[in-house]
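Please go through the briefing below with the structure at hand. It takes up the contact between two chains, and then the setting of a single residue.

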Amino acid sequence: MAVKLNKAIKISQKHLLGIQDLSINDVLLILDEAQAFIKLNRSKNKKIDILRGKTQINLFFEPSTRTQSSFELAGKRLGADVMSMNIGNSAIKKGETLIDTAMTLNAMHPDIIVIRHQDSGACNLLSQKVNCAVLNAGDGRREHPTQALLDALTIIDRKKKIEGLKIAICGDILHSRVARSNIYLLNMLGAEVNIIAPTNLMPKAIDKFGVNTFTDMKKGVKDCDIVMMLRLQNERMTSSFLASNREYYEYYGLTPDKLEYAKDDALIMHPGPMNRGIEIDTKLADDINKSVIKEQVELGVAVRMACLKLFCE
Amino acid sequence: MKKKYFINANIIDPKNSINENGGLIINEEGKIEAIGKKVNTNNLPSREKLIDLKGKYIFPGLVDMRVFVGEPGYEYKENFRTLSEAALAGGVTSVVTMPNTNPVIDDVSIVDFLKRRGRDKSKINIFPCASLTENLEGKNMTEFGLLQSKGIIAFTDGLKTIQNTRLMTRIMNSAFDLDSLIMQHAEDYELSKNGMMNSGIIATKLGLSGIPAVAEKIIIERDLTLLETIKCRYHISQLSSSRSVQTIRERKDKVKFTSGVSINNLSLNENDIGDFRTFLKLSPPLRTEEDRLSLVQAVKDEIIDVIVSDHKPEDEESKRLTFSQAATGASGIETLLSLCLELYHNGSVKLETIVKTLTSNPAKILKINKGNLSIGNDADFCIVDIDKPWIVKKENLISKSKNTAIEGKKLQGKVTNTFVNGVELFKL
């Protein structure tokens, strides 16, 4: 697909619920906007005031370190008033439903709500009930759009393009919202996507999403420009998906010998948090010549600033 | 009660093989006195008031084999009074109620209460089921014999499945001894664990755990295998997939059993779930269009015996949640017949076959003298304008809960009048 930036200046959607809803122009607009924020974030004075007077509420129903802090920092750097709700102490624990919480928050006139929830579609439900923009920071196993956008930004930053690249996504695809969002986005931007997982962790009908599927990791990473590893989501696994972590590492952990099959200049990505020694060799994860894991975190703030700005408008 | 004379109706009464234009006479006791083409203006007393139905249809009152009522325990969702009003609007005059109440219908003492409430508050015939196991726990079976003697006509764990094969064997043995009817909801729990919709591309896209079709097929195959040696009365409550249909087609000649399908699975598919529409979260789940077509074909071929509404009233609070938290089930007793008529209007199934699956077939399985218009029987019937167009709107539903799966759907065909024991209890 030819990637050309039409001069879109406004995002087509009211909410950022998933990559599925975005047009290519929306994506390019967000990435373009984020480029500018990378520079800002690396400068001495990191704060601007384009969102001054705006209220951003972070509603996190699932524990999160990097996404929540990234969104919080992004909002603050743009001058918004940011409130992060600690769900552990809130009325939700007392039996209030998501819709009631939404109505309560809505009455406080926020301009943007960032939500993470363990149930797929929670952000969709919320978006139907509030007047402000809703940004999805991860819903169940459905989507995690800002993660995919920051991954794309990182790839562009290093490889200067996405179109034509061969990208492997490996690991717990079944439970991964990151994988789903990345499949939509990387496909949209013209990459060839290989999905690698044991059949037990492969979602049904995933081959209909325009990807190549592999159960053999060496075949899957062959000639890839990017190897994106996913975290084994043990907390979502209700019964025996795998025999053991050590066997998983043997067959699906990213190790130097498996990386050999990828291109020489292949980059390693991981959305974090990592299970070192389970899905990725610890030395590889820290190899500054190959791993861009830290850069992903850095650019995450820029992407979220871009999203906050564009969806607040 | 005065005698009633209906003329010029298209009467379909599958049990008596009546499918003709004619009339119906109801006597002073509310029983059927005469029926069929013999009943016409030529041989009726001219002084009597004749009701000319002008070609509208008369069907026996429908027998809905799978209905959830909130009483006892969940009266805010549906009670006997609201259920019977809703049923009458849909031409249903007999319902089989599921035991998934609070407390569960698993003991003779509760049956007395149920019968009393059903009699006092309901205008239609209530046929209660008791559970197969105590408190639906799937451990100890209930007293089939004693419960039957109190008026229980069938046994089922309703929403639940007997997972333990040894227990199922024992249940079937007891059912054989006591001539009890067992109705199984077929679902292997380990395979369907955390599942919320059909396993497949839509579930992957929505990020929801799936319920694979094999979860149903495996239980059906297990039970039919047991049935080879234990010849009890066995009914599969609802089929949902082409794989299950294939299984019952293969086994139909070898073992004796019956099966049903929800009108939801005949009318809708998983695509209708769209953007997390919780009103379409059903059990068994809506599956693919291929599955739906296979179920329709099986009804047409009379491989599947009955169509049920699977009427499961849920209040709005139980549905205004995320898909995984939302309650399962849809209200459907009022729209059952109209949705079935869609299969007739689009040429999928013959009208007589549809009426059979809604009247004489369920009655035969249940061994009740309902769902027919035999002379001398209670005059339970409905009058149907099978071409009348209408639109389903939840605010117009009579049921206490408005969780219809087909909000806004345009339908063709509506019950205009419903009679129980010769008394008109519903009029459009």
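In this predicted model, the contact between the two chains draws 22 residues from chain A and 17 residues from chain B. Putting chain B and chain A together buries about 1700 Å², and carbon and sulfur atoms account for 55% of that area.

**The interface of chain B and chain A**

- Of the area that chain B buries against chain A, 31% is supplied by Thr204(B), Lys205(B) and Arg320(B), which is more than any other three residues give.
- The side of chain B that touches chain A is made up of 9 polar, 5 nonpolar and 3 charged residues.
- Between chain B and chain A the count of salt bridges is 0, whereas 7 residue pairs, both members at pLDDT 80 or more, are in polar contact across this interface.

**The setting of Lys54(A)**

- Lys54(A) lies in the loop of chain A that runs between helix α1 (24–42) and strand β1 (55–60).
- Leaving aside residues up to four places away in sequence, Lys54(A) touches Ala80(A), Asp81(A), Asp111(A) and Cys312(A).
- One of these partners, Ala80(A), is 26 residues from Lys54(A) in sequence, while the C-alpha atoms of Lys54(A) and Ala80(A) are 5.0 Å apart in space.

Methods:
Residues are numbered from 1 along each chain as its sequence is written. Chains are lettered from A and ligands numbered from 1 in the order in which they are written. This is a predicted model: local features need pLDDT of at least 70, side-chain atom pairs count only at pLDDT 80 or more; totals for chains, interfaces and linings use all residues. Side-chain values use heavy atoms; hydrogens and water are left out. Helices (H or I, at least four residues) and strands (E, at least two) are DSSP runs, numbered from the N terminus. Contact means heavy atoms within 4.5 Å. Buried area is the accessible area (1.4 Å probe) that two parts lose on being put together, summed over both. A salt bridge is a side-chain nitrogen of Lys or Arg within 4 Å of a carboxyl oxygen of Asp or Glu. A polar contact is a pair of N or O atoms within 3.5 Å; within protein, one must be able to donate a hydrogen and the other to accept it, and residues adjacent in sequence count only if both atoms are side-chain atoms. Ala, Val, Leu, Ile, Met, Phe, Trp, Tyr, Cys and Pro count as nonpolar, Asp, Glu, Lys and Arg as charged, and the others, Gly among them, as polar.
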